[in-house]
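Morning, everyone. Please have a look at the structure on the screen, and then I will walk you through some parts of it.

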Amino acid sequence: MKPRGFLFPDSALAVPMSNQIRSRQPRSRRSGQSGLQPQNLLRQALSFPAIVSLALTAGTLPSFAADGGTTNAPAASLADLSVEQLMNESVTSVDRRETKFEESAAAISVITQDDIRRLGITTIPDALRLVPGLDVAQINSHEWAVSARGFNGEFANKLLVLVDGRSIYSTGFGGVVWGAEDVPMEDVDRIEVIRGPGASLWGANAVNGVINIITKGAKDTQGVLVSVTGGTFDQPTTTVRYGTRLATNLYCRVYGKVSNRDGLETPGGQDAPDRTLTAQGGTRLDWNPSDENQVTLQGDFFRDRFVESQDYAILSPPYVQSFNQANYDSGGNVLGRWTHDFSDSSSLAIQTYYDRFKEEQAGAIETANTLDFDAQHRFLLGNRNDITWGLGCRNVAADFTSSPFVMWSQATEHDQLYSSFVQDEISLLPDRLKLTLGSKFEDNSLTGFEVEPTVRLLWTPTARQSVWAAISRAVRTPDWTDLHGDANVQTLPPTPTLPLPVLVTVMGNPSVDSEELTAYELGYRVELTKHLSLDAAAFYNDYSQLIAPVGGSTEIEAGASPPYASVVIPEENAGTAHTYGLEVSARWDATDYWHLTANYSWLETQMGFYAADTQPGPQQQAQLRSSFDLPYHLELNGDVSFVDRVFAPYGIGVMNIPSYVRLDLGLVWHATRNLELGVWGENLAQDRHIEYTSYTSTLVTEIPRGIIGRITFRF
Amino acid sequence: MRHPAPSSPARRREPAARRWLAWALWGCCFVAGLAPGLAQNPVSKEYQIKAAYLYNFAKFVEWPDPAFTNNDSPLVIGVFGQNPFGGELTAIAKDHKINGRNIVIKHVATVAEARGVHLMFFGAAEAGHLAETLAALKANSVLTVGESEKFITAGGMINFVLAENTVRFEINAAAAEQQGLKISAQLLKLAKAVRPKPRQIPP
């Protein structure tokens, strides 16, 4: 087998740790499996149970506590709004993104600007911790693992994420670079999270959920805003925004933000080398030339630099080397959207965007240029049919340079996606029973034709409760690393039976097909009293064709110096899995000034390909959040959360990450009309805790206790 | 062997038969779904908002005592002629009270049937004989709410107007006062244009 396209520094073959990392499995365990062929050994090793999992910090925590709640937008009917609120209610709620939550047959939660502001949340992933059942774990100052309903990881690839209608899901590696998404938190209007498949509307990769980050309109961000955040842990982060009216019905804003996120800590309490500096800026224009027309034009650019500890496998002892590597992300986007109302019952939205994302990581450069066009039309057909249909196309052109980190079997990628969808909400019994039928039809150049249908039924027996059920199909199209990225995973040291180092490579396979999901969901919402509401969702997910490295071939590179054995494992559609679980959220408006939210979720995962006893997500999570308005314009806000233990991928094994409790408490003071001050204690429950591990580093980083403060001027 | 040639775009596609079956199945579902849709118009958001307003208006208006037989008698909201609200008002009436009173919704076709109604809504379709109808209702202490351009000039009290995708309203306080109705200052403040009271001529 030929060596890959990178340099051999002297005799030590620099082999990066890419997908997975060196296991800390005791040598004796491996050598105990004597007589195994290396590939069998590896296949064995790659199945999680064969590995001794590591409990890094032992000790179990009191098994209960909670964290910020979310917000299942309490289902007040219009009649419960005040006259002032009614005056601002838009008569045209026609977009697929504007369905009323209590009327949707899906598990939907919304995080509002108020939630974010009260809790001093500084990043999007931290805001997502408020959603019941969402699994959010910070890896370092630049990486987060975020997923819904299992399958979490640094590259959690079954969750689709959009910012103002623009997908930030990377087709390159499948997942979101959370550290590069530095939307000013003050500009976020709300974050809508749908757990469960949303593929019938959003298409491929909306498998386990869809996250819509929606920023405020320019009209709502008028004037000047200056916000400075900093603390024991984060260096100052500054946001400056200016909004003005350019003409009648034409509003604009510009903003700039510089974030400075410090490194986490090592288990010993030392500063970890990771740190992130991000600069982002942008503008947005909103124009309402008439009541029927609405035009939005927006754009952003960003650049970040982050330092991470990165591991490279080498062919001589100790078979792994760690470097502190400086990496860069940069990019930008321009988006235009036009909505037009033909009448009260018919409207059209057309959106197009261009997005560029460049990632320089450990010498590998990947640049992706995306051009996307999307149109949708919603209308009432006759009497009971509320129909939305749309067409879209997307063109992604990318180029790659290979590095010791990932080697590409082709230097460019050019993908096209043509899609259409249609959805009909049929009111079978007015105000009682609603049936939704819909499907996306996609033709993409990676896997061909995909159909992603859904059937949803919503029954509202009384005005205060509803029951819904859904069956849906969703797919994840293979990402480019699945198709033609080759990653040297690690070097196994020589053993008595095989006295050669074994270099393990996971090889992309251009013939892998999409991963498939059939999801069965059931939900219940009830308003027990005017002040207490409950929202529950249960699901059973059936996955097939999951992409995973299996099999493999071995060659002895006897002529190399030093000689080594090479094991190449191709990606195949070999995996199956079943998950099932429950997510419950309750909101209690105890008084006008005291609101409580509690969430609980439970998840069971049965991997067909991996071992049955691994848990790719926390089995249980519980959260409790309180917001309390005090006299003198003070607000006392807090949240406490419990996250069950997880097994995170670590090397070719797994690491047992113990359960932990997060406790945040904060005080906000509206000092004057223009000045708001806030101070929060974060992670007060423990000195530090680990949440997840990185694929590319064996260095474990933990989140310490900290204090953060924020000053916000508005004028 | 390491690097297979770039694959052709037509990689592993769904078998054609399966693809067509999926289309056909989906199409059947869709057609089956469309079929039952032949009865009732879903209520547009505009009228959901207007219905909520009617409920709110009733909270901000004081009727003269004779308008209610006793403290428990219901507040009657009438819809004159064509009903654009669907079941919206009925739904509100079911779950809400106004100052302890139940809400009753009454569909009214003629002035004669208007007896006992406290708040009467006139849809845009009723713009034809507004002035006569409104005049005939006088002395009944009815809060009249409309949605047509000439509603206020025809003698109506509260009129809905659409502004930038939202529903606003204007109030003719004088007309209300003539019938002994007291509209709260809070509501008057929010109204788009309050018609000034005609100047009182000193005796």
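Chain A holds seven helices and 39 strands. Helices here are DSSP runs of H or I with at least four residues, strands are E runs of at least two, and both are numbered from the N terminus. This is a predicted model: local features need pLDDT of at least 70, side-chain atom pairs count only at pLDDT 80 or more, and totals for chains, interfaces and linings use all residues. Residues are numbered from 1 along each chain as its sequence is written, while chains are lettered from A and ligands numbered from 1 in the order in which they are written.

How much of chain A is buried? Of its 715 residues, 54% are. Buried means 20 or more other C-beta atoms within 10 Å of a residue's own; exposed means 12 or fewer, partly exposed is in between, and C-beta atoms are placed from the backbone.

Now contacts: two residues are in contact if their C-beta atoms, placed from the backbone, lie within 7 Å. Take the contacts in chain A between residues at least 6 apart in sequence: 66% of them join residues at least 24 apart.

Next, some strands. Strands of a sheet pair through backbone hydrogen bonds, either parallel or antiparallel. For two strands to count as paired, DSSP must find at least two bridges between them.

Look at E32(A), residues 634-643. Seven of its ten residues are buried. E31(A), residues 620-630, runs antiparallel to E32(A), with ten bridges. Asp629(A) has Glu635(A) as its bridge partner there. The two strands form a hairpin with three residues between them, and Tyr632(A) in the turn has a positive phi of about 60 degrees. E32(A) also pairs with E35(A), residues 660-670, antiparallel over ten bridges. There, Val640(A) is bridged to Leu663(A).

Another sheet to find: an open one of five strands, in the order E3-E8-E9-E6-E7 of chain A, with mixed pairing. E3(A) and E7(A) are the edge strands, each pairing on one side only. Inside it, E8(A) and E9(A) run antiparallel, joined by seven bridges. One of the bridge pairs is Ile194(A) with Val210(A).

Now a loop residue. Ser694(A) sits between E37(A) and E38(A). Why does Ser694(A) count as buried? Because 25 other C-beta atoms lie within 10 Å. Beyond its neighbours within four places in sequence, its contacts are Ile139(A), Asn140(A), Glu143(A) and Glu154(A). Asn140(A) is 554 residues away along the chain, yet the C-alpha atoms of Ser694(A) and Asn140(A) are separated by 8.2 Å.
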